[in-house]
Amino acid sequence: VQLQASGGGLVQAGGSPRLSCAASGRTLNRYGAGWFRQAPGKEREFVAAITRNGGSTYYSDSVKGRFTISRDNAKNTMYLQMNSLKPEDTAVYYCAAGPAAQALTTRTDYWGQGTQVTVSS
């Protein structure tokens with residue numbers, strides 16, 4: 001499956017952009033899916049994940065309560081609604097897919113190309 005992330009850009013602190021991840025080649029509902037991010041000089045970190053049918057979601061402590069992951073399998077697309085953005089959320093955001101959402105940090109089979117989110121204070 002090919003993943004294409006979009007929706008990043010320059011956002012003011014407190015803003016609420018939404019990232020999208022469109023899948024092609026295979027249907028996204030075959031996979032658990034999620035988002036990771038990598039800030040300058042730091043390692044890539046887990047942000048959020050969602051199960052195949054969208055019934056369960058998982059978040060890192062740093063975004064819990066501010067970000068919401070969702071998916072529309074009919075559109076073969078996953079989303080990340082980001083609210084109350086902080087400058088420390090600045091990073092390249094990557095979408096990813098694998099066999100199981102809850103194991104996405106240990107097995108990720110597919111990666112999108114990344115979209116830059118820059119939060120200005």
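1. Asparagine 76 counts as buried, because its relative accessibility is 14% and the cut-off for buried is under 20%. The model is predicted, and the values here are computed from it. Asparagine 76 sits in the loop between strand S7 (67–72) and S8. Its backbone deserves a look: phi is positive, at about 55°, although asparagine 76 is not a glycine.

2. Serine 84 also has a positive phi. The value is near 50°, and serine 84 is a residue other than glycine. Find serine 84 in the loop between S8 and S9.

3. Threonine 90 lies in the loop between strand S8 (77–82) and S9. Threonine 90 counts as buried, because its relative accessibility is 19% and the limit is under 20%.

4. Which backbone atoms does the side chain of threonine 90 reach? One is the backbone oxygen of proline 87, at 2.9 Å. Another is the backbone nitrogen of valine 119, which lies 2.9 Å from a polar atom of the threonine 90 side chain.

5. Now the neighbours of threonine 90. Leave out residues up to four places away in sequence, and threonine 90 touches Ala39, Pro40, Gln116, Val117, Thr118 and Val119.

6. How many disulfides does a search of the whole structure find? It finds 1. The disulfide joins cysteine 21 to cysteine 95, with an S to S distance of 2.2 Å. That pair qualifies because the sulfur atoms of a disulfide must be within 2.5 Å. The pair links distant parts of the chain. Cysteine 21 is in strand S3 (residues 18–24), and cysteine 95 is in strand S9 (residues 91–98). The two are 74 residues apart.

7. The link of cysteine 21 and cysteine 95 is right-handed, with 70° about the S-S bond. A disulfide is a covalent bond between the sulfur atoms of two cysteines.

8. Are cysteine 21 and cysteine 95 buried or exposed? Cysteine 21 counts as buried, because its relative accessibility is 1%. Cysteine 95 is buried too, with a relative accessible area of 0%.

Technical notes
Residues numbered from 1 in each chain as written. Predicted model: local features only at pLDDT ≥ 70, side-chain atom pairs only at ≥ 80, totals over all residues. Heavy atoms only, no water. Helix = DSSP H or I, 4+ residues; strand = E, 2+ residues; numbered from the N terminus. Buried < 20%, exposed > 50% of the residue type's maximum accessible area, 1.4 Å probe, protein only. Polar contact = N/O pair within 3.5 Å; in protein donor to acceptor, adjacent residues only side chain to side chain. Contact = heavy atoms within 4.5 Å.
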